[in-house]
Amino acid sequence: MAILKVARLGHPALRHKASDVEVKDIKAGKFQPLIDDMIETMHEYEGVGLAGPQVHLPLRIFVFEVEERVARRRGIPQLGAGAFFNAVYEPVGDETITDFEGCLSVPFLGGEVARSKRLRIRGLDHEGNEAELEVTDFTARIFQHEIDHTDGHVYLDRMPDLTTLGYTVVL
């Protein structure tokens, strides 16, 4: 496994819509080494998610995990490491939550972003099987954030008020 180079804000890789991944390639296991490297990279930088465009790959893939320390701090259930391909989301209901958000591609900065409280995610799991998942609260924020990356967006695009943007050590 390897730590991958993370694209920083300003790199064009972060601003292009990523391409769907072929199901047959996922099912053949071609992406397992990449998934392992992305999870290792996410852990190295103490993130909760990491998308293909963030590691200079124009592919609709992201990894995620809510480790015990994050779950405890946020008061939410843990979520084991996983991967999604070709994911899309739709809000379930109109309720939003405004919370502080950061990004491995925008180091040392964070700000308040309104996100849907509840989401339905559709895509492919790490084995290429169709997957649908409903998530809430901070976990919904993670999935929205990562899917936004695969659509060429960063959290700053979602900030209506940049006055909450500030320096932080812990994102």
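**Exercise 1. Work out which strands helix 2 lies across, and at what angle to strand 2 it runs.**

Step 1: pick out the helix. In this predicted model, helix 2 covers residues 32-44; helices are DSSP runs of H or I with at least four residues, strands are E runs of at least two, and both are numbered from the N terminus.

Step 2: look for contacts, meaning heavy atoms within 4.5 Å. Helix 2 lies across strand 1, strand 2 (61-66) and strand 3.

Step 3: get the angle. Helix 2 runs at about 45° to strand 2, with axes fitted as lines to C-alpha atoms (for helices, over the stretch in contact) and angles going from 0 to 180 degrees between N-to-C directions.

A bit of housekeeping: residues count from 1 along each chain as its sequence is written, and side-chain values use heavy atoms, leaving out hydrogens and water. Since the model is predicted, local features need pLDDT of at least 70 and side-chain atom pairs count only at pLDDT 80 or more, while totals for chains, interfaces and linings use all residues.

**Exercise 2. Give the strand order of the open sheet and name its edge strands.**

Step 1: trace the pairing, where two strands pair if DSSP finds at least two bridges between them. The order of the 5 strands is 1-2-3-6-7, with antiparallel pairing.

Step 2: find the edges. Strand 1 (49-51) and strand 7 (130-136) each pair on one side only.

Step 3: count bridges around strand 6. Strand 3 (residues 79-91) and strand 6 (residues 118-124) are joined by 5 bridges, and glutamate 90 sits opposite arginine 120 in strand 6. Strand 6 pairs with strand 7 over 7 bridges, again antiparallel. Their hairpin has 5 residues between the strands, and there glycine 128 has a positive phi near 90°.

**Exercise 3. Decide whether leucine 119 is buried or exposed, and find its bridge partner in strand 7.**

Step 1: leucine 119 belongs to strand 6.

Step 2: apply the cut-offs: buried is under 20% relative accessible area, exposed is over 50%, and partly exposed is in between, using a 1.4 Å probe and protein chains only. Leucine 119 is buried because its relative accessibility is 0%.

Step 3: its bridge partner in strand 7 is valine 135.

Step 4: list the touching residues, skipping those up to four places away in sequence. Among them are Tyr89, Leu133, Ala140 and Phe143.

**Exercise 4. Describe how covered helix 4 is, and what it packs on.**

Step 1: helix 4 is mostly covered, with 13 of its 14 residues buried.

Step 2: helix 4 reaches 21 Å from first C-alpha to last, close to the 20 Å expected at 1.5 Å a residue; that expected span is 1.5 Å times one less than the number of residues.

Step 3: just past helix 4, glycine 152 takes a positive phi of about 85°.

Step 4: turn to the sheet and its partner strand 3, which runs antiparallel to strand 6. Helix 4 (residues 137-150) packs on the sheet, touching strands 1, 2, 3, 6 and 7, and its direction makes about 160° with that of strand 2.

**Exercise 5. Locate serine 105 and find its polar contact with glutamine 54.**

Step 1: serine 105 is in the loop between strand 4 (96-103) and strand 5 (106-116).

Step 2: serine 105 counts as buried because its relative accessibility is 1%.

Step 3: the side chains of serine 105 and glutamine 54 make a polar contact at 3.1 Å. Such a contact is a pair of N or O atoms within 3.5 Å; within protein, one must be able to donate a hydrogen and the other to accept it, and residues adjacent in sequence count only if both atoms are side-chain atoms.
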